[in-house]
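Student: Here is a model to go through. I will ask what stands behind each label.
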Amino acid sequence: MFDNYPDILSPTEACEVLRIGENALYDLLRTGKLKALKNGRNWLIPKEAAIKYVMQESGMEPKSQKELVEPFVGASKQPKAKKTKLSK
């Protein structure tokens, strides 16, 4: 998906990757919806954070741990084997 981009994106690269404008990007950064590091005046945006944001917003990735675990609850229960009588 983002193979041609470096592991750490600049705001300009992040706008390009996410196909959004600068104001929208800075809103995501300010609200914490897009995880990033601010180093002085510069934002450092991990490529993985951009991927995770896209996946969550598209509904392709669970937003919480509970959503991740729920489908598997009870999945490990195996049906009991039927008892059979052995003839001698």
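Student: What makes strand E2 (residues 37-39) and E3 a pair, and in which sense do they run?

Tutor: Three bridges join E2 to E3, and the strands run antiparallel. Two strands pair if DSSP finds at least two bridges between them, so E2 and E3 qualify. Lys-38 stands opposite Trp-43 in E3. Strands here are DSSP runs (E, at least two residues), helices likewise (H or I, at least four), numbered from the N terminus.

Student: What should I know about the model itself before going on?

Tutor: This is a predicted model: local features need pLDDT of at least 70, side-chain atom pairs count only at pLDDT 80 or more, and totals for chains, interfaces and linings use all residues. Residues are numbered from 1 along each chain as its sequence is written, and side-chain values use heavy atoms, with hydrogens and water left out.

Student: How confident is the predictor, and where does pLDDT stay under 50?

Tutor: pLDDT is the predictor's confidence in each residue, from 0 to 100. The protein averages 81, and 67% of the residues score at least 70. Over residues 72-77 pLDDT stays under 50. For that stretch the model has zero contacts beyond four places in sequence; contact means heavy atoms within 4.5 Å.

Student: How do E1 and E3 pair?

Tutor: E1 and E3 have two bridges, in the antiparallel sense. Ile-8 stands opposite Pro-46 in E3.

Student: Which residue takes a positive phi in the hairpin of E2 and E3?

Tutor: Gly-40, with phi near 70°. The hairpin has two residues between the strands.

Student: Why is Lys-47 called buried?

Tutor: Its relative accessibility is 12%. Buried means under 20% relative accessible area, exposed over 50%, partly exposed in between (1.4 Å probe, protein chains only). So Lys-47 counts as buried.

Student: Where is Lys-47, and what does Lys-47 touch?

Tutor: Lys-47 is in helix H3 (residues 47-58). Not counting residues up to four places away in sequence, Lys-47 touches Phe-2, Asp-3, Tyr-5, Pro-6, Asp-7 and Leu-9. A polar atom of the Lys-47 side chain lies 3.1 Å from the backbone oxygen of Tyr-5.

Student: What makes Lys-47 and Asp-7 a salt bridge?

Tutor: A salt bridge is a side-chain nitrogen of Lys or Arg within 4 Å of a carboxyl oxygen of Asp or Glu. The closest N and O atoms of Lys-47 and Asp-7 are 3.8 Å apart, so the pair qualifies. The pair links distant parts of the chain: Lys-47 in H3 and Asp-7 in the segment before strand E1 (8-9), 40 residues apart. Asp-7 counts as exposed, at 58% relative accessibility.

Student: How many salt bridges does a search of the whole structure find?

Tutor: Two. One of them joins the side chains of Asp-27 and Arg-30, at 2.5 Å, N to O. Both residues lie in helix H2 (residues 22-31), three residues apart, about one turn of the helix.

Student: Which residues of H3 are buried, and what do they pack against?

Tutor: Lys-47, Ala-49, Ala-50, Tyr-53 and Gln-56 are the buried ones. They pack against E1, helix H1 (11-18), H2 and strand E3 (42-46).

Key. A polar contact is a pair of N or O atoms within 3.5 Å; within protein, one must be able to donate a hydrogen and the other to accept it, and residues adjacent in sequence count only if both atoms are side-chain atoms.
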